[in-house]
Amino acid sequence: CRTMPVYSSVHAIYATGFGSVHRAFRLDGKQVTLPAGTAHFLEHKMCETPKGDSFTFYAKTGASANAFTSYDRTCYLFSATQKIDENLDILLGMVGKPWFTKATIAKEQGIIGQEIKMYEDSADSAVMENLFRIMYQNHPVRNNIAGTVESIEEITAETLKLCHDTFYDPSNL
């Protein structure tokens, strides 16, 4: 943290170089191909802990928190005016200790499936998605950041753990 005179709030962001365009990579000499929407799905799952949702913990400290996935990164952030160390612990804990179960993954598939359908009903999103599909014939930016209802059904706990181990490494954060 860097204190600045006259400012009373702290803003923190923790980001990894793992976004929706990262669909294929080599690991230990083997090619790994991910379903569309994996980075976004992992973002959602990182906010969940065995003790509850991280945003509930932030709310108890008075912090405002959010997370987002873009084409090239996933970011977790908060702003607060108090309990900064506690909020940093929440942030580092949620990004550093993933928790996945079959039941919570199935639940999240339903939630993200609804999110995907919601964006499909948005004219702005539909125009942008269609424009990217026309402009980029082979680049993964042509695919929706959240994936498709079908692609997220392929995501498993093993897939998420592999991505966390690979992309949430300190060298990539």
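**Salt bridges and a sheet**

Mentor: Start with Asp165, which is partly exposed at a relative accessible area of 45%. This is a predicted model, where local features need pLDDT of at least 70, side-chain atom pairs count only at pLDDT 80 or more, and totals for chains, interfaces and linings use all residues. Residues are numbered from 1 along each chain as its sequence is written, and side-chain values use heavy atoms, with hydrogens and water left out.

Trainee: Why is Asp165 called partly exposed?

Mentor: Buried means under 20% relative accessible area, exposed means over 50%, and partly exposed lies in between (1.4 Å probe, protein chains only). Asp165 has 45%, so it is partly exposed. Lys161 has 47%, so it is partly exposed too.

Trainee: What makes Lys161 and Asp165 a salt bridge?

Mentor: The term needs a side-chain nitrogen of Lys or Arg within 4 Å of a carboxyl oxygen of Asp or Glu. In Lys161 and Asp165 the closest N and O atoms are 2.8 Å apart, so the pair qualifies. Side chains of opposite charge can pair when their charged atoms come close.

Trainee: Where do Lys161 and Asp165 sit in the chain?

Mentor: Both are in helix α7 (residues 157-167), four residues apart, so about one helical turn separates them. Helices (H or I, at least four residues) and strands (E, at least two) are DSSP runs, numbered from the N terminus.

Trainee: How many salt bridges are there by this rule?

Mentor: Three. One of them joins Glu48 and Lys45, with the closest N and O atoms 2.9 Å apart. Arg73 and Asp72 also form one, at 2.9 Å from N to O.

Trainee: Are Glu48 and Lys45 buried or exposed?

Mentor: Glu48 has 18% relative accessibility, so it counts as buried. Lys45 has 0%, so it counts as buried as well. Arg73, at 38%, is partly exposed. Asp72, at 36%, is partly exposed.

Trainee: Now the sheet. What is the strand order?

Mentor: It is an open sheet of three strands, ordered β1-β7-β6, with antiparallel pairing.

Trainee: Why do β1 and β6 count as edges?

Mentor: β1 (10-16) and β6 (64-69) each have a single partner strand, so one side of each has no neighbour in the sheet.

Trainee: How do you know that β6 and β7 pair?

Mentor: Two strands pair if DSSP finds at least two bridges between them. β6 and β7 (residues 74-80) have six, so they pair, in the antiparallel sense. Ala65 stands opposite Phe78 in β7.
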